[in-house]
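Here's a structure to walk through together. Take a look at it first, and then we'll go through a few of its parts.

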Amino acid sequence: MSILTDVTRCIGCEECVKACKETNGTGVDQPWRWQRKIDDLSATRWTTVVSKPDKHYVRKQCRHCVEPACVSVCPVGAMHKTPEGPVVYNSDICLGCRYCMMACPYGVPRYTWSEPVPYVRKCIMCYHKIKSGELQQPACTKACPVEATIYGDRDELLEIAHKRIAEKPDLYIQKVFGEHDVGGTSVLYVSDIDLGFLGWKDDLGEKPLPIRTWVFLNKVPGVIVGVGAVMGGVYWVIDRRMRFQAEAMQKAQPAAEKEPDGDNGNDTTEAEKS
Amino acid sequence: MRIRLVKGILWVLVGVAATVTIFRFLKGLGTVTALTDTTPWGLWIGFDVLGGVALAAGGFVMAACVYIFHLEKYRPIIRPAVLTAFLGYGAVIGGLMFDIGLPWNIWRPVFFWQEHSALFEVAWCVMLYFHVLALEFAPVVFERLPYKRVYKILKALTIPLVILGIILSTLHQSSLGTLFLIMPFRVHPLWYSPILPILFFVSAIGLGLSMVITESVVSSWLYKKEIEKDLLGGLARAGSYVLGLYAVLKIVDLAFTGKLHYLAGGSWEANLFIFELLVSAIVPAVLFAIPAVRRSIGGLATGAGIAVFGFVLNRIDVSGLSTISATGTRYFPSWTEFAVSIGIVSAAALAFFFFVEHFYVYEETRDDTPEKYAVPEPDPVGGVRLYWTPMASASQYSLVFIIGAALGFALMPDNAVHGVVPEQTPVKAARYVEGLQTKAEEQPLYSYALFDPNEHENPDDGEMRNMLLIDGDRNDKFVLFDHEKHQEDNGGKNSCGMCHHMNKPLDRATSCFECHRDMFLPADTFDHEFHRTKLDESGGCVQCHTDPAAPKNRATARQCDDCHKTMRVPDSFVQVADKDHTGIAPGYMDAMHKLCIECHKKKETEKVELAPDLGRCGACHQGLDSSLLTVREPYPQQAPAS
């Protein structure tokens, strides 16, 4: 399950936005303090159309990364990458840490800040409705009157995308946006303008983000064993040496006052005292 | 007295935070925080969680020194260090309960495993370490309780617990750095580093040592007790090595990743980075390296204080300030966020005092206990009952707590009671102008014009009136508004309530169109939805919006006449005025009388029955009064005003 959006075809009618809002029942857009603009992505607007100079319209939505940062950072697995492709959200186990919002390289997840019981909101590619057979394809791609955004298998869409940019090399930038970015995304774009503005940085690189964390996290068992062994060993060595020292001193001056033995002798006597 | 004053202030701060707590949980994060979708982590994560965990690092550092490395001379400060760590972690968990959206789900990581998440690991470590610290500190409590058996078991567990504590601390102190490894685009390159976890771990040790020094100085000041100067000097010496190592690591890391040029730019990030590195590591490391400084209390306090400030700043930088350049959003914590952060720290400090006063946290307090806490005898002569001291202070502290809570209520922003409301759309203020009222041809209507001395020299042109220039419908279209006339016509002084004081959300007065209802009734019967459905749902758009490159609006669409050749009846007033606005009638009345009615009449002669019998005047007009008119489709049916 993937989506291919062709920026050159989009006419900016926002039928996709309307269809998404109706299908997912997201509610009315309002000018809240915490969003950039009322027509930017928000908890009530899971996809939006960004207007760029010279009649360029770019649809913004969750990219459904192949190796999603949001999924890898969620401490409970409330964000979940389905085998079909879409990244879905389970509000039942979410604890609201908002790490997914911090981690997303595209800054997509939004929060229902106004609610006393808040949740994360983002495009889920109508996954549950397609799964149950209620929809054949996401509401947005179905609503598009000019087939600027289409739904299909990722490999097939990549093929279509490459064919399009090869056919009109003068028009398109020779790159399928999302083919390799941060390890690839399920939402692909072909365009005649650069789409770097969709992410936090113009070029996000091809390295999947979760690897950066995993480099350290896979050392956790090693650290547990290593630090445990070193600390235990150091304790044993020093403790043994000090005990011998104390014994030697005792032998040397048997008349002297008895030294407290071991490291906790001191405290035991205190306890008895009180 | 010193301690009572400090405690009183702390209780006020806790009181303020208590009020904020109520609104946080009743009205949600949006009401009490300044967080945004692009800055979802703020002060509570940066200071309370990241700073709090790092500040509590003294616990495991001191435990390692004393129990593992047998540096027996530091034994007197192990208890306060462990207590600080325990309370620090309590504060971290407290802060988290405020910050996370669904705090009742905080236990979920116990059962839902996600080992790829750094936060999952942090959650487990903090949870376990909090309990380890509780057990490490428990002997202090149990030695004063009569359960000798429990005390002995706890004592025997000390070494395994200390080792477990060191493992857990190593893991999560570094994992807090790992949290940010996944945000290479959000965190500014100066702070982003592949060795962030190592930097966090080393800095936690440095900060832990500085914090132990700071805390010893503060509590010796509060309780007027002798300071363990040579102990602290030793810690400071160790601190200078650790902080020096940290500074070297930071600079070498920048050099190796080729980021030194970012420092040269003179950007505010570069300045902040240099300042932070100076106060967190370099200055305190240099101070601690000077023997004279290590021997003076002032020197120790200064060095440690600077380091503590520097590292808290470091955590705030990494989690917040360094992301501004990427996200372009400015976030400054709201006062309620500050209040909660300060309140949590105050509560932790109060708990610290409680333990210090009731248990042997400091060794030297052991000797003078019995008479210190004795109940004073009632005055035998006067019969005056003296307050039992703890009771007297309890009532004083309750009072200041309530004062704090009341202060919190008083300062709470307007929206706190109802929860946060959407941003106000800007409304332009009304302006008084001189207007000229002239009689229109048709009575009793008037026409208004801005008074222009060049044009309106003759006073007979009309009557000069004071008028308002208002944007009544908030659509950037200003009109001359005759306030006096509206007042007169609607019943004088009693009519204010018709427009004002309606308590409408986001509004100060009723918009014009709410009374002048036909103002925005377009005399346009085009039903977009109907056409869309008829023309094969959405696929049909292109049948009217033929040019895919053009924005889809009325101007670029095909004209009604193109398809509906016979729509206009011969007698119609409706003219095709200009090609861009096909089919707009001069007004509702004209459209109705000359388009709808004509067509209905025609259809009736063809024996076609249409729902509203528009051929009959009475179908709309209930009388001669125009206010009794029924406004027909496509507008919502409305009953005639009674």
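Let's begin with helix H7 (residues 210–217) of chain A. In this predicted model, the buried residues of H7(A) have a cover that includes helix H2 (69–73) and helix H8 (220–252) of chain A, along with helix H7 (118–142) and helix H9 (158–178) of chain B. Which residues of H7(A) are the buried ones? They are A:Pro210, A:Thr213 and A:Leu217. Looking down the axis of H7(A), you'd find these buried residues within an arc of 70°, so they line one face of the helix.

Now hop over to chain B. Chain B holds 26 helices and four strands, and 46% of its 642 residues are buried. If you take the contacts in chain B between residues at least 6 apart in sequence, 69% of them join residues at least 24 apart.

Two of those helices are worth a look as a pair. The axes of H3 (residues 43–55) of chain B and H15 (residues 297–319) of chain B come within 9 Å and cross at roughly 135°. Because of that angle, H3(B) counts as oblique to H15(B). Their crossing is right-handed. On the H3(B) side, the contact is made by B:Gly46, B:Phe47, B:Leu50, B:Gly51, B:Ala54 and B:Leu55, while H15(B) brings in B:Val308, B:Val312, B:Arg315, B:Ile316 and B:Ser319. Sort the residues of this contact by type and you get seven nonpolar, three polar and one charged.

Methods: Residues are numbered from 1 along each chain as its sequence is written. Chains are lettered from A and ligands numbered from 1 in the order in which they are written. This is a predicted model: local features need pLDDT of at least 70, side-chain atom pairs count only at pLDDT 80 or more; totals for chains, interfaces and linings use all residues. Side-chain values use heavy atoms; hydrogens and water are left out. Axes are lines fitted to C-alpha atoms, for helices over the stretch in contact, and angles run from 0 to 180 degrees between N-to-C directions. Helices (H or I, at least four residues) and strands (E, at least two) are DSSP runs, numbered from the N terminus. Angles under 35 degrees count as roughly parallel, over 145 as roughly antiparallel, 65 to 115 as roughly perpendicular and the rest as oblique. A crossing is left-handed if the near helix is turned anticlockwise from the far one by less than a right angle, and right-handed if clockwise. Contact means heavy atoms within 4.5 Å. Ala, Val, Leu, Ile, Met, Phe, Trp, Tyr, Cys and Pro count as nonpolar, Asp, Glu, Lys and Arg as charged, and the others, Gly among them, as polar. Buried means under 20% relative accessible area, exposed over 50%, partly exposed in between (1.4 Å probe, protein chains only). The arc is that of the directions from the helix axis to the C-beta atoms.
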